[in-house]
Amino acid sequence: MNKFKYYFVLLLAGIAIVSCNKKDDDEVVVVPLRDYTEQYKADNDSIIKYLNRNYITVTNAPGTPQDQDVTISKITDPATQPSIMSYLNSETFPKLLTRDVYNDNITYKVYYLVLREGTGHSPVNTDRVYNTYVGNLLNGTQFDSSNNIPGYWDLDGLGDRGVFVDGWKEIFPKFKTGTASAPDASGVVTYNNFGAGVMFLPSGLAYYGSSQTNIPAYSPLVFSFKLMDLARIDHDRDGVFDFNEDVNHDGYVYDFSNKTLYPNPPANLIDDTDGDGTPDFLDIDDDGDGYTTLFEITKPTGAPVTGISKYYPYDPIPDSPVTPNIDETETWGIPAVASDGTVDYISPGRLRLHVDKNHHAIK
Ligand SMILES: [Ca+2]
Ligand SMILES: [Ca+2]
Ligand SMILES: [Ca+2]
Ligand SMILES: [Ca+2]
């Protein structure tokens with residue numbers, strides 16, 4: 001994670017200060033981190049070679065934990081073992097695709113293989129995911145595995161379950177969850193139709209110059225994974241989940257407010273309604289009108305609203321049997337207000353009151 005790198009830099013600075021106080025004969029040698037552009041070029045070359053020299057074997061066993069397991073092996077018979085690279089932009093699955101990722105002030109092109117997209121919902125890059133994974137080095141060494149037991153991970157990189165590998169938050173949003181059975185007598189849930197894939201990460205989107213257990217510094221990493229489920233997160237606790245604060249609907253919300261880490265963020269990645277430098281998902285007053293979003297989505301007394309909750313739903317949906325304590329049938333969503341004062345609660349794609357420019361809260 002960038003946060004992690006930042007701490008790492010602080011750590012290096014600490015070492016440098018300590019070393020100044022030591023005698024010359026046992027001075028600690030501080031190795032500066034490699035140049036990101038140079039390292040990415042080397043990593044990308046290695047990844048392309050890997051994609052050309054290896055093939056996949058996928059287990060198709062719906063309803064079992066092994067479903068969509070993928071084995072990656074060196075090609076020994078090109079006639080029967082199509083390279084991973086041969087799936088590049090394929091019309092059918094598996095598909096090898098790429099995504100441009102702005103990080104370390106360079107743009108990485110990240111390769112990822114879609115075995116199956118999934119049929120449910122996609123996380124945004126700050127949500128919590130529930131997934132399995134297997135991690136390999138490019139030489140085939142497996143450094144970690146969840147052994148097909150799903151676990152929760154926070155893509156925002158925060159907390160005990162925060163993901164330190166930046167690539168995860170960039171690639172998981174390209175996949176969807178599947179379906180889950182009700183727990184059986186022993187509490188086991190069976191997942192079907194979940195998204196499954198493999199991401200091929202340059203070291204800059206993994207641990208970069210920091211070595212980890214079984215991972216040398218500057219290692220590109222290969223993760224195969226299955227996305228079972230997700231949980232939505234509301235980072236600014238304004239009553240609107242992050243995925244509903246993704247104003248440009250690209251599936252990602254970014255905080256580029258740290259100008260040292262992000263000197264030149266691409267403008268098309270920024271979801272910041274009032275343009276104050278704080279993205280909507282972290283801004284408690286998205287439209288900068290002096291009224292907090294939480295106030296703006298609070299149902300006013302006496303308004304023509306229905307339902308039991310204090311706040312408007314973002315988008316009204318049919319009542320879901322899996323959330324008996326939440327009444328999703330409330331037909332009045334967060335309103336938009338036209339210049340003539342007309343209030344619109346239901347049109348798809350309307351600008352909600354709290355993100356509308358030039359409108360204040362209904363009082
Ligand atoms: Ca929010
Ligand atoms: Ca976005
Ligand atoms: Ca803002
Ligand atoms: Ca506001």
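This is a predicted model: local features need pLDDT of at least 70, side-chain atom pairs count only at pLDDT 80 or more; totals for chains, interfaces and linings use all residues.
**View 1. The calcium ion (ligand 2) and its protein donors.** The donors are D246 (OD), N248 (OD1), D250 (OD), Y252 (O), D271 (OD) and D271 (OD), at 2.2 to 3.0 Å from the ion. Donors are N, O and S atoms within 2.8 Å of the metal (3.2 Å for Na, K and Ca); water is not among the atoms, so sites may look incomplete. Along the chain, the donors follow the spacing D-x1-N-x1-D-x1-Y-x18-D. D250 and D271 both lie in the loop between β11 (221-231) and α4 (293-296), so the pair ties together parts that are 21 residues apart in sequence. Helices (H or I, at least four residues) and strands (E, at least two) are DSSP runs, numbered from the N terminus.

**View 2. Accessibility of two calcium donors, D250 and D271.** D250 is partly exposed, with a relative accessible area of 28%, whereas D271 is buried at 3%. Buried means under 20% relative accessible area, exposed over 50%, and partly exposed in between (1.4 Å probe, protein chains only).

**View 3. The aromatic pair F175 and F225.** Rings of Phe, Tyr and Trp (its six-membered ring) pair if their centres lie within 6.5 Å; planes under 30 degrees apart count as stacked, over 60 as edge-to-face and the rest as tilted. The count by this rule comes to 25 aromatic pairs. F175 and F225 are edge-to-face, at 4.9 Å centre to centre and 85° between the planes. The pair links distant parts of the chain, with F175 in the loop between α3 (166-171) and β8 (179-180) and F225 in strand β11, 50 residues apart. F175 is buried at 0% relative accessibility, and F225 is buried at 3%.

**View 4. The aromatic pair Y252 and Y254.** The ring centres of Y252 and Y254 are 6.1 Å apart and the planes are at 5°, so this pair is stacked. Y252 is buried, with a relative accessible area of 1%; Y254 is buried at 11%.

Notes
Residues are numbered from 1 along each chain as its sequence is written. Chains are lettered from A and ligands numbered from 1 in the order in which they are written. Side-chain values use heavy atoms; hydrogens and water are left out.
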